[in-house]
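Biologist: Please take a close look at one part of this model: the place where the two chains meet. Go through the contacts there, then follow the salt bridges and strands that lead away from it.

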Amino acid sequence: MKCPLSIFVFAALSVSTVAPGALAGPWDDDPARVHVALRSGMRFVEDAGFDVISEAPFHAMGQVEVSAGLTPSWWLGLSFGGGAVMDTVHDDIDTRFASQTLQLYGEYRHHLLPALVAFGRLGPEVSWTTVSLDTGTRTLEQDDWTLGVHAALGLEFLPVHGSIIQGLRDPGDDFGFGVTVAATYERLLPLDLTAGGTTLGRLDPSGPGWLLGMALQF
Amino acid sequence: MSPRVVVCLALLGLAGLTACDRPADLDRPLDAQGPFALSHHVAWTLAADPAVALLQPATGRVTFAALSAAPRRVFPEPAGRGLLVIGTDGAASWIPADERGVGQAVRMPLTGDYTAVAFGPDAGRAVLYHAPGSSGGVLSNPNQIAILDLGGGAAIERSLRSFGGEPLGVVLGPPQAVAGADRQMAWVLAERYLSVLDLAAPTAREVVVHLTLAEDTRSIRPAQVVFGEVEGAATFFVRAEGSDDLFALTFPDDAPADEVPRPYLTQLPAGAGPSDVLALQVADGMRVFTADPGSATLSVIDPVTGRRVGVDAGARVSHLLPFRAQRADGEGEGWSALAWDDHGDTVVFVDLDLLERRRGRALTPLVLGAGVYDLQPLPGRRGAVARDARNCLLLLDFDARTATPLQAGRSLGAVRVDPGGDRIYATVVGDDSADYAVSVDVDTARVTAARLPASPGRLLLVPGAGRLVADHQAAWGWVSVLPLTDLDDDRVQVREGLLLQGAFDR
């Protein structure tokens with residue numbers, strides 16, 4: 001089995017502010033207001049038609065996200081990410097699937113421990129997807145927008161946190177830096193692939209996935 | 001459930017998803033063969049997921065019909081009534097096609113690896129054989145043939161008696177009454193002899209007709225079989241390269257239906273090395289006409305008496321194209337022929353009804369500006385189209401005895417004739433080095449053209465769909481579809497990736 005060549009895309013952006021709100025716990029003298037994360041992972045595409053693109057039913061993905069705390073528990077965020085896979089089909093036709101996704105989400109964050117946060121999120125997304133097939137001399141390619149929703153459940157462990165590293169800052173300060181992991185699910189409208197005057201079929205890029213990365217909150 | 005178990009299950013789940021392998025056909029090359037022109041469709045065969053892909057060019061619809069095995073060889077029936085596919089499983093599958101698409105494949109298991117086929121005129125039967133020099137493998141028998149009943153799905157393989165030779169070709173006659181029974185005669189041509197089969201009695205022992213005496217070492221290679229009726233008896237005229245004689249085979253009035261009737265062989269004088277033969281009922285009765293390029297002679301042969309009249313054609317002639325025309329003596333319509341030679345610069349109009357009596361006065365030569373070749377008749381018309389050495393398309397009008405040249409820009413590609421004979425289609429590389437499809441109105445010699453997106457490898461006429469299809473030779477199917485009428489750029493419909501149609505809808 002050949003390995004698909006995967007591409008990870010990362011970027012960073014945004015600033016947000018939040019009005020001071022009610023404190024959620026005894027460690028929250030100074031709750032985090034801005035949260036930034038970089039993650040990468042995989043998305044498993046449920047549609048069997050993805051077999052045409054890739055030998056394995058998944059593609060790599062990466063994203064950068066920025067969220068702002070409306071309250072210590074409720075956050076609003078924006079993430080930008082991308083995913084891609086390149087492989088071959090029918091021995092000598094190169095395939096490529098690439099998507100750039102912008103997600104808006106509402107997130108609930110709950111401190112299990114001062115440095116361990118569980119979160120769940122839900123929101124809409126818009127995705128720009130490219131599917132191409134290439135013989136070396138001829139290319140069939142289609143780009144299209146598609147809309148969808150996404151959800152995620154995850155954990156963040158922040159070993160660099162005032163509650164762990166004494167003297168870092170005030171133990172009541174929620175500044176933290178650590179790792180984040182999430183299970184995701186994206187439900188997207190299917191893409192009708194038509195190229196060269198030929199209807200190649202319908203591809204539904206929806207599916208579950210996972211993301212692993214680094215998070216920073218302050 | 002302990003966290004350790006949860007983690008293990010999650011890892012197993014991910015491993016399972018990762019290990020999902022796609023269907024094997026997506027890892028195999030498409031390995032498309034085609035396109036083949038059928039009466040209403042253009043067809044490809046695919047090896048990856050064995051199937052026949054059909055494009056209906058008028059509607060643009062692409063459909064797939066599964067095959068039992070990957071195709072090894074594909075033979076389209078000449079009239080477009082179907083495909084005969086020999087698969088890697090050794091079986092032959094006859095796939096009939098009509099305006100609705102392809103029908104249920106008729107599968108016939110075989111043991112031989114055949115490389116050529118001859119279809120009957122009605123596509124009811126076919127004979128698979130080994131083309132000369134194509135036998136291979138460990139040890140193969142080039143004289144093994146397979147007689148296929150395409151409608152009934154039966155195949156009978158048998159080995160023909162050989163006298164050191166192998167089939168040069170196979171000719172199938174039409175189903176007809178011969179020797180008191182309904183038969184379909186087939187002729188397997190070999191050096192110095194031919195084998196006669198009755199396909200209606202496929203297990204009957206063949207009859208071998210030797211064309212030379214036993215001690216004769218000449219190379220006599222039968223090349224053409226022409227049917228005629230002499231005094232009410234079906235007669236087959238066999239022309240052979242290396243022989244000055246024409247071999248006429250007739251059959252007894254009666255023979256058991258389950259046996260191949262034994263023919264009577266008559267040798268007719270046919271000039272010096274005839275290269276084409278016609279058998280026609282003319283004013284004086286059945287006559288056989290031959291063209292002898294070596295001596296620039298046309299011969300008229302009375303098959304009853306064996307009398308031959310040679311007429312100097314005035315130019316080298318090697319082919320005869322018959323057509324109906326008004327006789328020069330005003331006695332109504334009769335048979336005429338256009339006689340020509342490949343790359344010759346003169347064609348000769350021959351009044352076949354009067355040739356025997358008037359001889360040279362029955363000939364009308366037409367001197368052209370350059371040598372002509374690839375001459376094709378215009379069906380239903382007294383005319384033909386040819387190419388010439390000046391890179392011209394030449395319209396020959398048999399009534400007016402004219403030849404109208406149409407000059408191609410840079411080069412002339414494939415030439416196809418509309419089944420109605422009204423139009424001629426060709427591919428041309430223009431002065432601008434671009435590829436064009438051109439349509440010629442035969443009545444007016446008016447040319448219209450449409451630019452093609454790429455060089456066409458093949459030009460296919462699909463008369464049942466009223467379309468012309470130019471194949472641009474991409475692995476996944478890339479064609480330009482044009483109407484059978486005047487052309488312009490807006491009328492070109494380009495379709496690419498046809499063989500991947502619906503690929504994502506698995």
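Modeller: Start with the polar contacts. Between chain A and chain B, 14 residue pairs are in polar contact, with both residues at pLDDT 80 or more. Keep in mind that this is a predicted model.

Which elements of chain A supply the surface? The largest share comes from E10(A), with 6 residues. By class, this side of chain A has 18 nonpolar, 11 polar and 7 charged residues.

Now the totals. In chain A, 36 residues are in contact with 28 residues of chain B. The two chains bury about 2700 Å² between them. Of that area, 63% is on carbon and sulfur atoms. The size of an interface is often given as the accessible area lost when the parts come together.

Charge pairing across the interface is counted separately. Between chain A and chain B there is 1 salt bridge. It joins B:Glu496 to A:Arg138, and the closest N and O atoms are 2.9 Å apart. Side chains of opposite charge can pair when their charged atoms come close.

Follow B:Glu496 into chain B. Strand E40 of chain B covers residues 493-496. E40(B) runs antiparallel to E39(B), and 4 bridges join them. One of the pairings puts B:Val481 with B:Gln493 of E40(B).

Next, E39(B) itself. This strand spans residues 478-483 and is mostly covered, with 6 of its 6 residues buried. In a regular strand the side chains alternate between the two faces of the sheet. Here both faces are covered. One side carries B:Trp478, B:Ser480 and B:Leu482, and the other carries B:Val479, B:Val481 and B:Pro483.

E39(B) has another antiparallel partner. Strand E38 of chain B, residues 467-471, is joined to E39(B) by 5 bridges. B:Leu468 stands opposite B:Leu482. E38(B) and E39(B) form a hairpin with 6 residues between them. In its turn, B:Gln473 has a positive phi of about 60°.

A:Asp192 pairs with A:Arg202, the closest N and O atoms being 2.7 Å apart. A:Asp192 is in strand E9 of chain A and A:Arg202 in strand E10 of chain A, 10 residues apart. A:Asp192 counts as partly exposed because its relative accessibility is 40%. A:Arg202 is also partly exposed, at 43%.

The whole structure has 40 salt bridges over all chains. Chain A includes a network of salt bridges that links A:Arg39, A:Glu65, A:Glu107, A:Arg109, A:Arg121 and A:Glu156.

Two pairs in chain B complete the tour. B:Arg221 and B:Glu191 meet in a salt bridge at 3.2 Å, N to O. B:Arg221 lies in strand E18 (residues 221-230) and B:Glu191 in the loop between strand E15 (181-190) and strand E16 (193-198), so the pair ties together parts 30 residues apart in sequence. B:Arg221 is partly exposed at 34% relative accessibility, and B:Glu191 is partly exposed at 26%. The other pair is B:Asp329 with B:Arg327, at 2.7 Å, N to O. B:Asp329 is partly exposed, with a relative accessible area of 25%. B:Arg327 counts as buried because its relative accessibility is 14%.

Notes
Residues are numbered from 1 along each chain as its sequence is written. Chains are lettered from A and ligands numbered from 1 in the order in which they are written. This is a predicted model: local features need pLDDT of at least 70, side-chain atom pairs count only at pLDDT 80 or more; totals for chains, interfaces and linings use all residues. Side-chain values use heavy atoms; hydrogens and water are left out. Contact means heavy atoms within 4.5 Å. Buried area is the accessible area (1.4 Å probe) that two parts lose on being put together, summed over both. A salt bridge is a side-chain nitrogen of Lys or Arg within 4 Å of a carboxyl oxygen of Asp or Glu. A polar contact is a pair of N or O atoms within 3.5 Å; within protein, one must be able to donate a hydrogen and the other to accept it, and residues adjacent in sequence count only if both atoms are side-chain atoms. Helices (H or I, at least four residues) and strands (E, at least two) are DSSP runs, numbered from the N terminus. Ala, Val, Leu, Ile, Met, Phe, Trp, Tyr, Cys and Pro count as nonpolar, Asp, Glu, Lys and Arg as charged, and the others, Gly among them, as polar. Buried means under 20% relative accessible area, exposed over 50%, partly exposed in between (1.4 Å probe, protein chains only). Two strands pair if DSSP finds at least two bridges between them.
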